[in-house]
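Subject: Structure handover

Hi,

Here is the structure I promised to pass on to you. Please open it first, and then read my notes below alongside it.

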Amino acid sequence: MSVQRTLAIIKPDVVEKRQQGVVLQRILDEGFRVLAMRQARLSRQAVEGFYAVHRGKPFFDELCDFMSRGPVVLLALERENAVAHWRAVIGATNPANAEPGTIRKELGSSVGENAVHGSDSEENGARECDYFFAGVDQA
């Protein structure tokens, strides 16, 4: 296994419920190294750029509205097999289908408001981290 980077976003629904600390503790408990972290309210333009791959899909506008409605916590994470491990920790996109003990099962309320984001590939993990944290040292 190789050391990888992945982007985690604690979404507005979790921040609104003041539960971001629960997610942060889980990240640390799972052995991730936090390379960079910041809380921000993303502009609609930033969200549209980040989710550009979904432009034209039926859920795109709803996703952009949701992600820009309030603060999020952005995290560049690193560990061995980071992408697959983080995706296992967060669970299925639909919280109703997520395994017990996963973040989305515990904190998500719907497919649209599913608590956290996780990169879906090693390539996207690096690209997504660079989108929000350009120049973060990978060492």
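Predicted model: local features only at pLDDT ≥ 70, side-chain atom pairs only at ≥ 80, totals over all residues.

**Salt bridges**

I would start with arginine 33 and glutamate 78, whose side chains meet in a salt bridge at 2.8 Å, N to O. Arginine 33 sits in strand E2 and glutamate 78 in strand E3, so this pair ties together parts that are 45 residues apart in sequence.

Next comes arginine 44, which has a salt bridge to glutamate 48 (2.8 Å, N to O). Both of these residues belong to helix H3, where they are four residues apart, about one turn of the helix. Arginine 44 also forms a salt bridge with aspartate 65, and here the closest N and O atoms are 2.2 Å apart. This second pair links distant parts of the chain, with arginine 44 in helix H3 and aspartate 65 in helix H4, 21 residues apart. Through shared partners, salt bridges join Arg44, Glu48, Asp61 and Asp65 into one network. As for accessibility, arginine 44 is partly exposed at 27%, glutamate 48 is partly exposed at 22%, and aspartate 65 is partly exposed at 45%.

**Nonpolar cores**

Which residues have the most contacts inside the largest nonpolar core? They are Ile9, Met67, Leu74 and Phe132, in a core of 20 residues. At least two core residues come from each of these elements: strand E1 (3-10), strand E2 (33-40), helix H3 (44-50), helix H4 (60-67), strand E3 (72-80) and helix H7 (122-132). H4 gives the most, with five residues.

Leaving aside residues up to four places away in sequence, leucine 74 touches Ala8, Ile9, Ala36, Met37, Arg38, Ala40, Leu42, Phe132 and Phe133. There is also a second, separate core of 18 residues, and among its members are Ala8, Leu77, Val89 and Leu107.

**Cysteines**

The structure holds zero disulfides. For cysteine 64, the nearest cysteine sulfur is that of cysteine 129, 20 Å away. A disulfide needs the two sulfur atoms within 2.5 Å, so cysteine 64 is in no disulfide. Cysteine 129 is likewise in no disulfide, its nearest cysteine sulfur being that of cysteine 64. Are these cysteines buried or exposed? Cysteine 64 is buried at 0% relative accessibility, and cysteine 129 is buried with a relative accessible area of 0%.

**The largest pocket**

If you display pockets, the largest has a volume of about 580 Å³. It is lined by 22 residues, and the closest to its centre are Lys11, Tyr51, His54, Leu63 and His117. The elements that give two or more residues to this lining are H4, strand E4 (116-118) and H7.

**Two backbone points**

Asparagine 81 has a positive phi of about 55°, although it is not a glycine. You will find asparagine 81 in the loop between E3 and helix H5 (82-90), where it is partly exposed, at 28% relative accessibility. Alanine 115 also has a positive phi, near 80°, in a residue other than glycine. Alanine 115 lies in the loop between helix H6 (103-107) and E4, and it is buried, with a relative accessible area of 0%.

Terms used: Residues numbered from 1 in each chain as written. Heavy atoms only, no water. Core = buried A, V, L, I, M, F, W, Y, C linked by side-chain atoms within 4.5 Å. Buried < 20%, exposed > 50% of the residue type's maximum accessible area, 1.4 Å probe, protein only. Contact = heavy atoms within 4.5 Å. Salt bridge = Lys/Arg side-chain N within 4 Å of Asp/Glu carboxyl O. 1 Å grid on protein atoms, 1.4 Å probe; cavity = no way out; pocket = protein on both sides within 12 Å on 5 of 7 lines; lining within 4 Å. Points joined across faces, edges and corners; volume = space filled by probe spheres on them.
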